[in-house]
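Me: Hi! Could you walk me through the side-chain contacts and inner spaces of this model, one at a time?

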Amino acid sequence: NMQWSHAALAILSPRLSDLLGNINTVSDGQLQALGLLIKALSQTELSSLQKSVLPFLRDAVPAVTSNDVCDVLTDDPCDDTSVYPLGELHLCSEQAQAVGSRLRELYGEVSEWQMETFDELGQLVVTLAPSDMGQLDVQRISRVAEWGCIVAPVAECAMKRLVSLYTQKNQIGIEHWTSDMFVEYQTFIHGLDPETISSISNDAFAKAVEVFSRQTNWQSSQLNALADKAIDVFGSTKGWRSRTVSRLSSLVSGLSDEDIADIPPSALSSSADERLVSELCQRQKLHVLTADQLEILSRALGYPDCPSSIPLLTSVQASAVQAGADSHSAKSSGVSPSTVALAVILPIVFVALLVATILYRRSNNHVSHELPKKGTVNKAIKDIEMGRTKA
């Protein structure tokens with residue numbers, strides 16, 4: 001599970017070329033032994049691959065197995081230093097372009113590919129160019145969607161092609177798409193433009209909202225359109241409950257400052273997640289939360305890792321964050337907040353009792369010094385009685 005970056009693989013590439021020589025003459029056994037490190041091949045080598053090598057490269061490229069993997073499949077340059085487990089690391093942008101071009105050379109124009117070709121290439125189809133999407137029919141685009149997450153330019157072309165095909169051939173405009181259709185093409189939906197998003201039916205959005213909220217690469221204009229759609233579907237944020245916030249998750253960051261501040265703090269208590277806070281931080285919106293909201297989030301998740309937004313907090317907000325984070329720390333360490341409070345209060349009570357005891361004793365001593373000595377009162381009474389007798 002060693003972590004690798006595209007930059008590290010690029011450094012390894014020349015040495016790998018020296019050891020292997022012409023990659024197309026390497027035996028299947030050597031390619032098998034090379035394993036995931038085949039992703040260290042240079043653009044030049046990838047541009048000249050023969051069909052016999054493609055299955056080994058295909059198996060080294062991650063397919064869509066979870067939404068976390070989709071976060072990794074981005075259009076990173078080859079000098080990117082972000083690290084991932086090698087198995088989850090996709091081809092960098094320059095490598096992907098080289099592979100996509102080579103596939104067209106080996107198999108011809110994409111519009112002529114048979115379904116068997118898509119199955120044979122598997123997750124390598126994610127290297128296709130944006131223009132390639134405009135040549136595919138619904139069935140072939142669906143097959144691409146099954147194999148991998150697509151970078152934004154390709155996703156945008158794919159969605160435009162799909163919307164056009166469904167509208168022209170099936171008379172199904174985007175406003176008539178069902179939630180199942182958005183689920184089927186979820187690897188493309190970040191290619192929807194804001195105008196198209198606003199045309200999605202409320203029913204489809206409500207049923208497929210998690211598909212939208214799991215995406216992490218929305219542009220600001222798209223996110224704002226999704227947030228507007230959320231208000232259309234779920235109503236004013238003043239009435240939102242924890243289930244609504246939980247389903248929308250990161251999409252909350254697309255709301256206006258006023259709408260975010262209107263979310264009831266109680267709705268955040270059981271719906272707080274790292275993606276929500278991360279998006280609020282990334283979009284410089286953490287400081288628009290109220291003190292009560294911030295305390296609830298900090299109590300659930302701890303002190304926010306958002307150095308760019310913390311300085312924007314007021315003193316009241318900062319105190320609320322600290323109070324929530326302290327409560328989170330106490331809970332994480334197995335000490336309940338009531339125990340912490342008791343630990344603080346008991347010494348105070350003890351000191352107060354001690355001071356009260358000392359003062360009480362001093363007061364008693366002072367009073368005892370002023371009282372007559374033992375027998376003085378009886379003697380005085382006898383003297384008075386004798387005086388009366390003499391009189």
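This is a predicted model: local features need pLDDT of at least 70, side-chain atom pairs count only at pLDDT 80 or more; totals for chains, interfaces and linings use all residues.

Me: Which residue forms a disulfide with Cys-281?
Reply: Residues are numbered from 1 along each chain as its sequence is written, and side-chain values use heavy atoms, leaving out hydrogens and water. A disulfide is a pair of cysteine sulfur atoms within 2.5 Å. The sulfur atoms here are 2.0 Å apart, and the partner of Cys-281 is Cys-306.

Me: Where in the chain do the two ends of that link lie, and how many residues apart are they?
Reply: Helices (H or I, at least four residues) and strands (E, at least two) are DSSP runs, numbered from the N terminus. Cys-281 belongs to helix α18 (residues 274-282), whereas Cys-306 is in the loop between α19 (291-301) and α20 (315-332). The pair thus links distant parts of the chain, 25 residues apart.

Me: Why is the disulfide of Cys-281 and Cys-306 given the handedness it has?
Reply: The handedness goes with the torsion about the S-S bond. That torsion is about 100°, so the disulfide of Cys-281 and Cys-306 is right-handed.

Me: Is Cys-306 buried or exposed?
Reply: Buried means under 20% relative accessible area, exposed over 50%, and partly exposed in between (1.4 Å probe, protein chains only). Cys-281 has 13% and is buried. With a relative accessible area of 1%, Cys-306 is buried.

Me: How many disulfides does a search of the whole structure find?
Reply: Besides the link of Cys-281 and Cys-306, a disulfide joins Cys-78 to Cys-92, with S to S at 1.8 Å. Cys-78 is in the loop between α5 (67-72) and β2 (84-85), and Cys-92 in the loop between β2 and α6 (93-107). The link of Cys-78 and Cys-92 is right-handed, with 45° about the S-S bond. The search of the whole structure gives a total of two.

Me: What is the volume of the largest cavity?
Reply: On a 1 Å grid over the protein atoms alone, a cavity is a set of points where a 1.4 Å probe fits but cannot get out, and lining residues have an atom within 4 Å of a point. The structure holds one cavity of 30 Å³ or more, lined by Val-252, Ile-263, Leu-268, Leu-276, Leu-280, Leu-289 and Leu-297. A volume is the space filled by probe spheres set on the points, which are joined across faces, edges and corners. For the largest cavity this comes to about 30 Å³.

Me: Why is the pair of Trp-177 and Phe-182 called what it is?
Reply: Rings of Phe, Tyr and Trp (its six-membered ring) pair if their centres lie within 6.5 Å; planes under 30 degrees apart count as stacked, over 60 as edge-to-face and the rest as tilted. By this rule there are nine aromatic pairs. The rings of Trp-177 and Phe-182 have centres 5.3 Å apart and planes at 45°, so this pair is tilted.

Me: Which helix holds Phe-212, the partner of Phe-182 in another pair?
Reply: Phe-182 and Phe-212 form a tilted pair, 5.4 Å centre to centre with 55° between the planes. Phe-182 is in helix α11 (residues 179-184), and Phe-212 is in helix α13 (residues 202-213).

Note on methods. On a 1 Å grid over the protein atoms alone, a cavity is a set of points where a 1.4 Å probe fits but cannot get out, and a pocket is an open set with protein on both sides within 12 Å along at least five of seven lines; lining residues have an atom within 4 Å of a point.
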